Amino acid sequence: MIQGKNFIGGRWKETPKTYQRENPARLEEVVGLYPLSGEAEATEALVAAREAFPSWKRTPLLERAHILKEAAKRLATRGDKVARDIAREAGKPLLEARTEVRRAMDILEYYAAYAYTPFGYRVASARPRTELRTQRVPLGVVALITPWNFPIAIPTWKLAPALILGNTVVLKPASLAPVGALHLVQALEEAGLPEGVVNLVIGPGTPFGRALEKAEDLRAVSFTGSVEVGLRLKARLASLATRVQLELGGKNAYVVWKDADLVLAARQIAQGAFFYAGQKCTATSRILVHREIYEAFKETLLQEVGQLKVGDPLEEDTQVGPLIDSTAWEGTARWVERGLRDGGRLLIGGEGAREKGYFFDPTILEGLDLKALLAQEEVFGPVATVHPVTSLEQALEAVNATRYGLSASIATRDLGIAKRFLEEAEVGLAHVNQPTAGVEYQAPFGGSEGSGYGPKEQGWAALEFYGDWKTLVITPPEVRDGH
Ligand code: NAD
């Protein structure tokens, strides 16, 4: 069993109260015992980060990069163990858990590379013999709040850009799956990260949020999670000089145009909607199919979905694992009921067995109005709706007519259609002949409209959030009267 602890000021610490985390695929198995941190632990961590900042900021950039690279190596030595822990705790199929761990290592290396690239600008000054340049500087203490569904990749894609720029960090992973963050922080500690530079606080969100409101010198908060929690947090931090970045939910559409490769589109939708039981912010949840091929495509899609392997995440061929907990299972069942009540018809799935674990079958409904709640709101489970469309205008209107704006795809062989879709889909991530789910860390990522707020994450865009531009103006002392 994993014995998790907080990591504050360079020390692993227990708390008076703890909680247990069960394996969502085998309910009798306890996978972790974790600290139930409150406001006091969060405040202690914020103070430790503040104390560590002056020295970390002055640490040479190349030294910071070495630590990130070394942490990637440390993760590599225990990669399979990390993937298995994630599979057992977050219910993520092993295949995807391994990819996620690999991605975390790549992200550490990617941001380490910042140290070896030219940066900053020199611009012409209007003043004689004056040097005018600008350089990126760290902000100070940043708090990172992460969800449970990418337990190591999301903490890493926030932490690595924050650290390379010289910020110090308090990381709060979701209490349902802290194990990824735990391995990441252990790898950084082994890599020689000085004490206080990264602090890990495990426990529920509410007391952590309260500590942030009262923190001294908190410069930024990066949050990934649900729309409701994210917006509430932003409102509560509004009176502080604290930057806020929100990465929120999605209601992602996949358009199957009449000329599409139907088998490819069906496979991408099956993967995008149902791998990891649809528990991805970029999961496909609305399938918009050109009316001319609607019936043929439906058949192909049902064949693909019928072949998906639902099972224990630790089995090598599992593609669809359990839902994260009983609340998610019940919520998913309620969404299906709601869809049926609103006029939807089940094409496949619709129920799940929860005796052994929180399993729910891949589910597709048709016949729902696009304005129905199930076609508008995020389920975060293996449920998708399918709708016929007759024109690109209608498809685009449907893609854009939700409060979200995260990811969207179209399957087509027509370059003109593809181009219009890319231009007009109001999302942060638009695809042609690719699933809605799937993110590459070297490019900016994040939602538009109701799916995100603030600068994007990943790629070079992350540096905008975790750094500030400082402009330097230098004139030699002998220059007087403008000469
Ligand atoms: P959640 O909003 O319930 O929790 C996210 C994090 O916020 C957790 O660490 C939680 O403990 C913390 N939290 C809760 N209340 C808080 C408070 N008052 N103050 C401070 N922190 C608080 O989300 P979740 O269930 O962990 O994750 C699922 C959601 O995340 C889905 O909506 C999904 O779409 C979204 N998500 C978005 C992205 C993205 O990049 N856009 C990626 C993954 C997941």
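I began at threonine 130, where a polar atom of the side chain lies 2.9 Å from the backbone oxygen of proline 128. The model is predicted, with local features needing pLDDT of at least 70 and side-chain atom pairs pLDDT 80 or more, while totals for chains, interfaces and linings use all residues. Residues are numbered from 1 along each chain as its sequence is written, and side-chain values use heavy atoms, without hydrogens and water.

I placed threonine 130 in the loop between strand 6 (121-123) and strand 7 (131-138); strands are DSSP runs of E, at least two residues, and helices runs of H or I, at least four, numbered from the N terminus. Its side chain also makes a polar contact with the side chain of threonine 475, at 2.7 Å. A polar contact is a pair of N or O atoms within 3.5 Å; within protein, one must be able to donate a hydrogen and the other to accept it, and residues adjacent in sequence count only if both atoms are side-chain atoms.

Next I turned to the ligand. I found 27 residues around the ligand, the closest being Thr146, Lys172, Ser226, Leu248 and Glu378; near means a heavy atom within 4 Å. A side-chain N or O atom of glutamate 378 is 2.6 Å from a ligand oxygen. A polar backbone atom of glycine 225 lies 3.4 Å from an oxygen atom of the ligand. For alanine 174, I noted a backbone N or O atom 3.5 Å from a ligand oxygen.
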